[in-house]
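Could you walk me through this structure, from its overall fold down to single side chains? I would like an explanation that I can follow with the model open beside me.

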Amino acid sequence: MATLRRRGRGDGRGAGAGRVARRGLWGIARIVSLITAVVVGLIVIGILLTLFDANKDNQIVKWILDAGKFLVGPFKDVFKPDGAKTKVAVNWGLAAVIYALVGGLIARLLRR
């Protein structure tokens, strides 16, 4: 009994390995997207809490603002508009946009 071989594809083992590797990269891309969404979400919620004068003595508000300050650290005082709320909205907003763009780009590259 003769065995049939596919021409031009070798023995067929490479196709399965490529599929598994691609699926792994897609999983990593989903994790990157999730982390990006959480980071951007924390920053946006921090902006809203600041704009609406949330009670900074509340533990949840304090935690979100502290996490936001940590994440936005590199973007501190990029712009210096008048008013503390405007300063937070502009600088934290810039950080959220940059995190969203970079995270989206990394996830997109992993999906290729």
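A word on the ground rules comes before the tour. This is a predicted model, in which local features need pLDDT of at least 70 and side-chain atom pairs count only at pLDDT 80 or more, while totals for chains, interfaces and linings use all residues. Residues are numbered from 1 along each chain as its sequence is written, and side-chain values use heavy atoms, with hydrogens and water left out.

Let us begin with the fold. The chain has 3 helices and 0 strands, where helices (H or I, at least four residues) and strands (E, at least two) are DSSP runs numbered from the N terminus. Along the sequence this gives the pattern α-α-α. Of the 112 residues in the chain, 24% are buried; here buried means under 20% relative accessible area, exposed means over 50%, and partly exposed is in between, with a 1.4 Å probe and protein chains only. Contacts, meaning heavy atoms within 4.5 Å, also say something about how the chain comes together. Among those between residues at least 6 apart in sequence, 59% join residues at least 24 apart.

The inside comes next. The largest nonpolar core has 17 residues, and I43, V72 and W92 have the most contacts inside it. Such a core is a set of buried Ala, Val, Leu, Ile, Met, Phe, Trp, Tyr and Cys residues joined through side-chain atoms within 4.5 Å. The elements α1, α2 and α3 each give two or more residues to this core, and α1 gives the most, with 6 residues.

Rolling a probe the size of a water molecule over the atoms shows where empty space is left. On a 1 Å grid over the protein atoms alone, a pocket is an open set of points where a 1.4 Å probe fits, with protein on both sides within 12 Å along at least five of seven lines, and lining residues have an atom within 4 Å of a point. The largest pocket has a volume of about 380 Å³, the volume being the space filled by probe spheres set on the points, which are joined across faces, edges and corners. Its lining has 16 residues, of which T50, K69, A84, V88 and W92 lie nearest the centre. Both α2 and α3 give two or more residues to the lining, and α3 gives the most, with 6 residues. By class, the lining has 5 nonpolar, 3 polar and 8 charged residues; Ala, Val, Leu, Ile, Met, Phe, Trp, Tyr, Cys and Pro count as nonpolar, Asp, Glu, Lys and Arg as charged, and the others, Gly among them, as polar.

Now for the charged pairs. Side chains of opposite charge can pair when their charged atoms come close. The structure holds 3 salt bridges, each a side-chain nitrogen of Lys or Arg within 4 Å of a carboxyl oxygen of Asp or Glu.

One of them joins K85 and D53, at 2.9 Å from N to O. This pair links distant parts of the chain, with K85 in helix α3 (residues 84–111) and D53 in the loop between α1 (13–51) and α2 (59–71), 32 residues apart. K85 is partly exposed at 34% relative accessible area, whereas D53 is exposed at 55%. D53 also has a phi near 55 degrees, a positive value in a residue other than glycine.

Another salt bridge pairs D77 with K87, at 2.8 Å from N to O. D77 lies in the loop between α2 and α3 and K87 in helix α3, so the pair ties together parts that are 10 residues apart in sequence. D77 is partly exposed at 29% relative accessibility, and K87 is partly exposed at 30%. The phi of D77 is near 60 degrees, again a positive value in a residue other than glycine. For background, most residues other than glycine have a negative phi.

The salt bridge between K62 and D66 has its closest N and O atoms 3.1 Å apart. K62 and D66 are 4 residues apart in helix α2, so about one helical turn separates them.

Our last stop is V102, in helix α3. V102 is partly exposed at 44% relative accessibility. V102 and T36 are 66 residues apart in sequence, yet their C-alpha atoms are 8.6 Å apart in space.
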